[in-house]
Amino acid sequence: MGNMVIIMIVCVDKRLKTPMYFFLGHLSVLEIVITSIIVPVMLWGLLLPGTQTISLTGCVAQLFLYLAVGTTEFVLLGAMAVDRYVAVCSPLRYNTIMSSCPCNSVVTASWVFGFLSEIWPVYATFQFTFCKSNLLDHFYCDRGQLLKLSCDDTFSQFILFLMAIFIIIGSLIPTVVSYTYIISTILKIPSASGQRKAFSTCASYFTFVVIGYGSCLFLYVKPRQTQAAEYNRVASLLVSVVTPFLNPFIFTLRNDKVKEALGDGIKRCCQFLKD
């Protein structure tokens, strides 16, 4: 619901027609998709314990969509970090560098890369021989739990681990580099009020990155993804449920423009209902 509100105000309010909110709108779309993939199956298991089943085709589709959307989100977060870097470190060139054409290209590339990059990993996952059980100790088709049921050697699992490193760490590098330069630039601002204003534009994004990357690093960046199912469930819950739920609060409570746009939208709705 909160992500839908963000998408609506970004589309409607002219004050939010900037690259930052363009990326934020797409991020909200991704959060809605992730929630739609995971939450219905999770609620099914909670409300009707012991009856939760999924076909092989359904498991493949769920895992592919979850990983593809997650990869798209990582690439988009890297692009958002570069956007904040340009805004803080090169404000006079911001409108030139972050024009509509590059932004559209980045978003399109994020979606295409996210979906294409996960075709082989998902295909490889379901080429394993699953001989231990047909029960997954999870609330969705988690790759780590699928690998736990496999009887095959670990070489292919190691390849999947390397691909996870490439995607997660690869998208984290521009974030770390961008924020290193951002913090360095902010600390050079002479006035304390100027520093606070600059930090406030990046604080919400940084909070989101810490939660999202922290959970995914725990889940996927380890040579063997088969340990501690209970901890994996907690981390997966953070990524697929808690983070999408917190996303609207993280990006609106600390953002004056979004709060103003939301307030104006509520006033227009109330006026429309009165009329």
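Colleague: About the S-S bond, is the link of C59 and C141 left-handed or right-handed?

Modeller: The link of C59 and C141 is left-handed, with -135° about the S-S bond. This is a predicted model, in which local features need pLDDT of at least 70 and side-chain atom pairs count only at pLDDT 80 or more, while totals for chains, interfaces and linings use all residues. Residues are numbered from 1 along each chain as its sequence is written, and side-chain values use heavy atoms, with hydrogens and water left out.

The structure holds 1 disulfide, a term used here for a pair of cysteine sulfur atoms within 2.5 Å. The sulfur atoms of C59 and C141 are 2.1 Å apart. Helices are DSSP runs of H or I with at least four residues, numbered from the N terminus. Both C59 and C141 are buried, which stands for under 20% relative accessible area, with exposed being over 50% and partly exposed in between (1.4 Å probe, protein chains only).

C101 and C103 are another matter. The sulfur of C101 has its closest cysteine sulfur in C103, at 9.2 Å, which is too far for a bond. C101 is exposed, at 55% relative accessible area, whereas C103 has 4% and counts as buried.

C103 also takes part in a helix contact. In helix 5 (residues 100-117), C103, N104, V106, V107 and W111 meet P19, F22, F23, H26, V29 and L30 of helix 2, where contact means heavy atoms within 4.5 Å. By class, this contact has 9 nonpolar, 2 polar and no charged residues. Nonpolar covers Ala, Val, Leu, Ile, Met, Phe, Trp, Tyr, Cys and Pro, charged covers Asp, Glu, Lys and Arg, and polar covers the others, Gly among them. The axes of helix 2 and helix 5 come within 11 Å and cross at roughly 20°; axes are lines fitted to C-alpha atoms, for helices over the stretch in contact, and angles run from 0 to 180 degrees between N-to-C directions. Helix 2 and helix 5 are therefore roughly parallel to each other, the word for angles under 35 degrees, with over 145 being roughly antiparallel, 65 to 115 roughly perpendicular and the rest oblique.

Technical notes
Helix = DSSP H or I, 4+ residues; strand = E, 2+ residues; numbered from the N terminus.
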